[in-house]
Amino acid sequence: MAKRDGRYDLVIYGATGYTGQYVVEEVARVAEMEKEKLKSETETLSWAVAGRNKDKLIKCIKEARIETGLSLDNVGIIEADVSDTSSVDAMTAQAKVIINCVGPYLKYGEQVVKSCVDNGASHVDISGESRAFRESRAFRKSRVFRESRVIREPVFLEGMQLRYDDLARDKGVYIVGSCGYDSIPADVGVAYLDKQFPGGLNSVEMYGRTTGPVAPIHTGTLESALGVLSNQALLKRQQEQMFPEPLPEPEFRLPSRYPLHYNDIVKCYGIPFPSDIPVVYRSQRHRHDVQGKLPIQFHQFMGCDSILQALGMMLGAGYFFTLGSFSWTRSLILKFPEVLTGGFFSRVGADRADLKKMNFITTLVGQGWSTPSERPTERASPDVKKMLKVVGPDPGYGATSLMLVAAAMTILKEKDACYGRGGVLTPGIAFADTKIVDRMVARGMSFTVTDV
């Protein structure tokens, strides 16, 4: 469909990449749903694919046509190279929302974010390259913030918050990272679960599991993960600099669990797996520092069916952390990923047939209050416990593309319902009062709340 007012509704940047291909197919299906919903004979959503190579972009559309069975005759094509600022600017100037699939974001993300802010386009991505960050505007004006070296050497998500939050707000655009499996089920899940408690949510324990065949993960994810591990010293220094004052001690603290434990409610073993904690923590800092709300405690675990599986996962995580801790071992693992990870990571990626047999199950167990309190500082201990189960297709690509496109469509269609008037935000803050959950459910995911 032709651009409206000189802009496409959505532009998928990095469409020819492994994840980008899945995102293209998801946008095609969502565009068809929009057409059917409006009972239109013509396209109602204008969108384009973008990348460095026009021939590969054409091939990407052809593959999507085969996979979806849709004609895709009106999909726009934009040539843009992240190393060429003018081409990126030309791309973002043509978009209402950029869906950025070009990683690692530590290397290539900021150029696109800056261009989006400069040219008035919103931006969503699937970055997990994060560290906790305090979003208080008052803190950003403090001496500690001004003297912090982190401004000159940011980790991606926090760096974008530091550099572009005020600018994005002034332009009225939304920059929202971590809009895939990392960290929509966790961050949006906590916000969704909070609304189920009339008196508010105190704490959440989350367990993530997958079902179906074991499929290798593409090495693009590996490179991003190693980038995070290589910045551990910076991350620690950043946390110390950005949080001179901790959050207040919770009145009703969520007890810690043993590193290997069994949860009677979720019916699985659990081991610590804090991949979403930085994003959820940023949301809770925003709740406390900006909105004046009670921060929700959040503990995250990987769910395992047996003790042996849990022990194996712990050993695997330790092995990966060790390999990622030294520059020479990081170089080796990137050079020989299949060999050094036992096939867990692959340059080829997973087989589509295997991915179609996979599902993820993320279970959040929350404790909170059944009735609002006029005096929150004097309230009794939490008296209600509820469980939210989020289920979807394979987490790496099917679910990630579904959630990423749902985030982009939410900004496109519900901008007035998104938090504030723009800025660099987490999904749990940006989309807390929108219908993003309904969008994901319409595409095959489920969000089920039960009393426990």
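1. Helix H13, residues 327-335, contains Trp328. Helices here are DSSP runs of H or I with at least four residues, and strands are E runs of at least two, numbered from the N terminus. Trp328 counts as exposed because its relative accessibility is 59%, where exposed means over 50%, buried under 20% and partly exposed in between, with a 1.4 Å probe and protein chains only.

2. The model is predicted: local features need pLDDT of at least 70, side-chain atom pairs count only at pLDDT 80 or more, and totals for chains, interfaces and linings use all residues. Residues are numbered from 1 along each chain as its sequence is written, and side-chain values use heavy atoms, leaving out hydrogens and water.

3. The chain has 18 helices and 16 strands. Of its 452 residues, 52% count as buried.

4. Among contacts (heavy atoms within 4.5 Å) with a separation of 6 or more, 81% join residues 24 or more positions apart.

5. The largest nonpolar core has 63 residues, of which Leu10, Trp47, Ile99 and Met440 touch the most other members. Helix H16, residues 398-413, gives the largest share of this core, eleven residues. Another core, of 28 residues, lies apart from it and includes Val11, Ala50, Met160 and Val279. A nonpolar core is a set of buried Ala, Val, Leu, Ile, Met, Phe, Trp, Tyr and Cys residues joined through side-chain atoms within 4.5 Å.
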